[in-house]
Amino acid sequence: MAAEPRSAAPAWPDLRVADWTDTRDTLHMWTQIVGKVRMLHSPLVNHWWQVTLYVSPRGLTTSSIPYGAGAFDIEFDFVGRRLEVRSSDGGTGGFALRPMSVADFFGETMAVLGRLGVEAPIRPVPNEVDPAVPFPDDHAHASYDGEAAELFWRQLLQANRLIGGFRSRFVGKVSPVQFFWGAMDLACTRFSGRPAPPHPGGAPNCGDWVMVEGYSHELSSCGFWPGGGAEGAFYAYAYPAPDGFSVYPVEAEGAFSTEFQQFVLPYEAARTADDPDRVVQEFLQGTYEAAAELGKWDRAALEVDPGRWGHCTG
């Protein structure tokens, strides 16, 4: 008999960053462990697209990871509050997501993979954070509020949906909508088609060569992360930022942040608006136009109407 659906949660949940900071920081380290497993077994794709996680109907997933002649995946199920690991040979494993240290999460994850026959000798040190405490030694991050984690995933659901719709209007090179575990943000990046000057790097505990690969071509990027606002924020930036980018008259809610050097739309500004979808869509489009217009992108060649086949049937 099919399980009854859970009571409807608000589409745009209220989740103050201050109320779940300890859980956020612990979950950040957990996603780095899972992301590094994917990175270990996945061939390099430009801009490190092979390392990311994706929003799923229940949480965050690695999607299929190749392993030998088969594959496996790992999913944070924030609805069932479990980490699930599945193998193409039929094997399954996992454990409950609960208050536990990064060290314990690391140990349990490696044990599940070992029982399924998956070797995962990752470099057990986090990136893009300071200090970078090795996972087996991190007993300080040990908080987990399952309700808060689920609400965060529901924020990601909205961001994934709207950024995905925005992505569909671009026919040039564009990334998937993907979760980068280094900075713990959901992102989508459009490219002009031109190379960019080498990125100077500077991210903590992350080789400059990582950023050189990530920012090898001129881009306009947008996304969502659990920071930058009382409840998180949507963001947008360009690399390299063209002259006048920070003062471009973007006709949308949000503003350029000198602290973050990017446009920021607080999540709560969208959540409390009469039409949250419109507010976010206008922010995404307006900030992209700032990069494309000032950077002299060939917009006629790169943009497309996603409804261009709407008159067809079947």
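**View 1. Thr-52, a buried residue in a loop.** In this predicted model, Thr-52 counts as buried because its relative accessible area is 0%. Look for Thr-52 in the loop between α1 and β1. The side chain of Thr-52 makes a polar contact of 2.9 Å with the side chain of Gln-178. Which residues does Thr-52 touch, if we skip those up to four places away in sequence? They are Arg-38, Thr-62, Gln-178, Phe-179, Phe-180 and Trp-181.

View 2. Ser-42 lies in the loop that runs between α1 (17-41) and β1 (54-55). With a relative accessible area of 11%, Ser-42 is buried. The side chain of Ser-42 reaches back to the backbone oxygen of Arg-38, at 2.7 Å. Beyond the neighbours within four places in sequence, Ser-42 is in contact with Gln-50, Ile-65 and Pro-66. For a sense of scale, the C-alpha atoms of Ser-42 and Ala-301 are separated by 32 Å, and these two residues are 259 residues apart along the chain. His-47 lies in the loop between α1 and β1 too. Is His-47 buried or exposed? His-47 is buried, at a relative accessible area of 4%. Take a look at its backbone as well: phi of His-47 is near 65°, a positive value in a residue other than glycine.

**View 3. Aromatic rings that pair up.** The count of aromatic pairs comes to 25. One of them joins Trp-30 and Phe-105, which are stacked, with 4.6 Å from centre to centre and 5° between the planes. Trp-30 belongs to helix α1 and Phe-105 to helix α2 (residues 102-115), so this pair ties together parts that are 75 residues apart in sequence. Both Trp-30 and Phe-105 are buried. Tyr-67 and Phe-72 show another arrangement: their ring centres are 6.0 Å apart and their planes are at 80°, so this pair is edge-to-face. Within this pair, Tyr-67 is partly exposed, at 25% relative accessibility, whereas Phe-72 is buried, at 2%. Finally, ring pairs link Trp-30, Phe-76, Phe-78, Phe-95, Phe-105 and Tyr-144 into a cluster.

**View 4. Charged side chains over rings.** Where does the charged end of Arg-190 sit? Here you can find it over the ring of Phe-166, 3.7 Å from the ring centre. Lys-173 lies over the face of Phe-191, at 4.7 Å from the centre of that ring.

**View 5. The largest nonpolar core.** This core has 95 residues. Which residues have the most contacts inside it? The answer is Phe-76, Phe-105 and Phe-234. Helix α3 (residues 146-167) gives the most to this core, with 10 residues.

**View 6. Cysteines without a disulfide.** How many disulfides does the structure hold? The number is zero. Cys-188 counts as buried, at 3% relative accessibility. Cys-206 counts as buried too, at 14%.

View 7. Gln-261 is placed in the loop between β11 and β12. Its phi is near 55°, a positive value in a residue other than glycine. Gln-262 has its place in strand β12 (residues 262-266). Gln-262 is buried, with a relative accessible area of 12%. A polar atom of the Gln-262 side chain lies 3.2 Å from the backbone oxygen of Phe-260. Not counting residues up to four places away in sequence, Gln-262 touches Tyr-235, Ala-236, Tyr-237, Ala-255, Phe-256 and Ser-257.

View 8. A cis peptide bond joins Asp-130 to Pro-131, with omega at about 5°. Pro-131 is in the loop between α2 and α3. Tyr-239 and Pro-240 are also joined by a cis peptide bond, with omega at about -10°. You can find Pro-240 in the loop between β10 (233-239) and β11 (255-257).

Key: Residues numbered from 1 in each chain as written. Predicted model: local features only at pLDDT ≥ 70, side-chain atom pairs only at ≥ 80, totals over all residues. Heavy atoms only, no water. Disulfide = S-S within 2.5 Å. Buried < 20%, exposed > 50% of the residue type's maximum accessible area, 1.4 Å probe, protein only. Helix = DSSP H or I, 4+ residues; strand = E, 2+ residues; numbered from the N terminus. Contact = heavy atoms within 4.5 Å. Polar contact = N/O pair within 3.5 Å; in protein donor to acceptor, adjacent residues only side chain to side chain. Phe/Tyr/Trp six-rings, centres within 6.5 Å; stacked < 30°, edge-to-face > 60°. Lys NZ or Arg CZ within 6 Å of the ring centre and 35° of its normal. Core = buried A, V, L, I, M, F, W, Y, C linked by side-chain atoms within 4.5 Å.
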